[in-house]
Amino acid sequence: MGRSDSNNDKRASGRQGGTFRKKSYARGNSPIRKKTEQEPKKPSDPNLIRLNKYVANSGVCSRREADIYISAGSVTVNGKPVIEMGYKVKLTDEVKFDGRLLNPIKKEYVLLNKPKDFTTAARNEQGRRTAIGLISKATKTELKPVGKLSKDTTGLLLFTNDGDLTKRLNSPKNGLRKIFHIELNKPLRSADLKKIQDGLLVEEKVIKVQDVSFVDKAPKNQVGMEIFSTRTNIVQRIFETLGYEIVKLDRVVYAGLTKKDLPRGHWRYLTEQEVVNLGMIK
């Protein structure tokens, strides 16, 4: 009997005792399965946000904690309690937590080590380079600088969309701790250093600094100064009053924030602890 006769008998092959070979799918010859047609996903509405995220973004608590408060009826939407998990609200809705109106925009904090020749202006005017441009990749949220640094001043500059914090940090009554590294156009005389330490009359007002001294192992034209005053360009005015010109001015400490591990021209997000520390300033 030939092979064709064997195949015609359709007897089982191999281990089943016959010579007939069934078609093998081992080499990728398996039949193509039809894919189940799925409905295209609808694009999410950018104007809608989950209620727990809305509450968390406002700074009240985490999302997980927000779910607990929502289920307990502590959150209202347009005056009505909502306890449904996954409930979505519009950005225009009035959402309250224990009667307090919430803001869904997440607060963000970015610290920049500003280089020289960058302005703190919010917009690029007449081709000038801006500090805000250096942090453009940090967030899509519009951030504003807390206070100002002159174009020639380098060092720490904080950006945030937290209006309440900005107002507190800029308040004259707070007098935040700032430390500057100053390089003058000539050596500072010891007598002038003493005048600054004792309190110097600048534009009919006595300015007192917390500390001022020569920088260790540096020429006498380099000075370190700790000051709490919020007056604009006060460091420059102090030395101008004494007949000196500032060649370099670098803010190395601002409100407890430092330049550690932050190279010039780079930025970083504040840590949770740093945000808490700033929040304690009243």
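Me: Which side chains meet in a salt bridge with Glu-203, Arg-237 being one of interest?
Reply: In this predicted model, the side chains of Glu-203 and Arg-237 form a salt bridge, at 3.3 Å from N to O. The two residues come from distant parts of the chain, 34 residues apart: Glu-203 is in the loop between S11 and S12, and Arg-237 is in helix H7.

Me: And what does Glu-203 form with Arg-231?
Reply: Glu-203 forms a salt bridge with Arg-231, where the closest N and O atoms are 3.3 Å apart.

Me: Is Glu-203 buried or exposed?
Reply: Glu-203 is exposed, because its relative accessible area is 54% and the class begins at over 50%.

Me: What about the accessibility of Arg-231 and the relative accessible area of Arg-237?
Reply: Arg-231 counts as partly exposed, at 23% relative accessibility. Arg-237 is likewise partly exposed, with a relative accessible area of 26%.

Me: How many salt bridges does the structure hold?
Reply: The structure holds 11 salt bridges. Some of them share partners, and in this way Asp-117, Lys-151 and Asp-152 are joined into one network.

Me: Where do Asp-192 and Lys-195 lie?
Reply: Both residues are in helix H6 (residues 190-198), three residues apart, which is about one turn of the helix.

Me: How accessible are Asp-192 and Lys-195?
Reply: Asp-192 is buried, with a relative accessible area of 2%. Lys-195 is partly exposed, at 41%.

Me: Changing topic: which residues gather in the patch of positive charge on the surface?
Reply: The patch consists of Arg-50, Lys-53, Arg-63, Lys-88 and Lys-106. Among them, Lys-88 is located in strand S4 (residues 88-90). Lys-88 counts as partly exposed, with 45% relative accessibility.

Me: On to the sheets. What is the strand order in the open sheet of four strands?
Reply: The order is S3-S2-S5-S6, and the pairing is antiparallel. Strand S3 (80-81) and strand S6 (100-101) are at the edges; each has a single partner strand, so one side of each has no neighbour in the sheet.

Me: How many bridges pair S2 with S5?
Reply: Strand S2 (residues 75-77) and strand S5 (residues 95-97) pair over three bridges, in the antiparallel sense. Thr-76 stands opposite Lys-96 in S5.

Me: Which strands are joined to S14 by bridges, S10 and S13 being my interest?
Reply: Strand S10 (residues 178-184) runs antiparallel to S14 and is joined to S14 by six bridges. Within that pairing, Ile-179 has Glu-226 of S14 as its bridge partner. Strand S13 (residues 211-214) is also antiparallel to S14, and four bridges join the two. There, Ser-213 has Gly-224 of S14 as its bridge partner.

Me: How many residues of S14 are buried?
Reply: S14 is mostly covered, with five of its six residues buried.

Me: Do the side chains of a regular strand lie on one face of the sheet, or where do they go?
Reply: In a regular strand the side chains alternate between the two faces of the sheet.

Me: Where does Lys-114 lie, and is Lys-114 buried or exposed?
Reply: Lys-114 lies in strand S7 (residues 109-114). Lys-114 counts as buried, because its relative accessibility is 0%.

Me: How many residues apart are Lys-114 and Gly-155?
Reply: They are 41 residues apart in sequence, while their C-alpha atoms are 5.0 Å apart in space.

Me: Last one: what separates Thr-141 and Ile-105?
Reply: Thr-141 and Ile-105 are 36 residues apart along the chain, and their C-alpha atoms are separated by 8.6 Å. Thr-141 lies in the loop between helix H4 (131-134) and strand S8 (144-145). Thr-141 is partly exposed, with a relative accessible area of 26%.

Technical notes: Residues numbered from 1 in each chain as written. Predicted model: local features only at pLDDT ≥ 70, side-chain atom pairs only at ≥ 80, totals over all residues. Heavy atoms only, no water. Patch = residues over 30% accessible without salt bridge, like charges linked within 9 Å, V, L, I, M, F, W, Y side chains within 5 Å. Areas by Shrake-Rupley, 256 points an atom, 1.4 Å probe, with all protein chains shown as cover. Salt bridge = Lys/Arg side-chain N within 4 Å of Asp/Glu carboxyl O. Lys, Arg positive; Asp, Glu negative; His and termini not counted. Charge placed at Lys NZ, Arg CZ, Asp CG, Glu CD. Buried < 20%, exposed > 50% of the residue type's maximum accessible area, 1.4 Å probe, protein only. Pairing = 2+ DSSP bridges.
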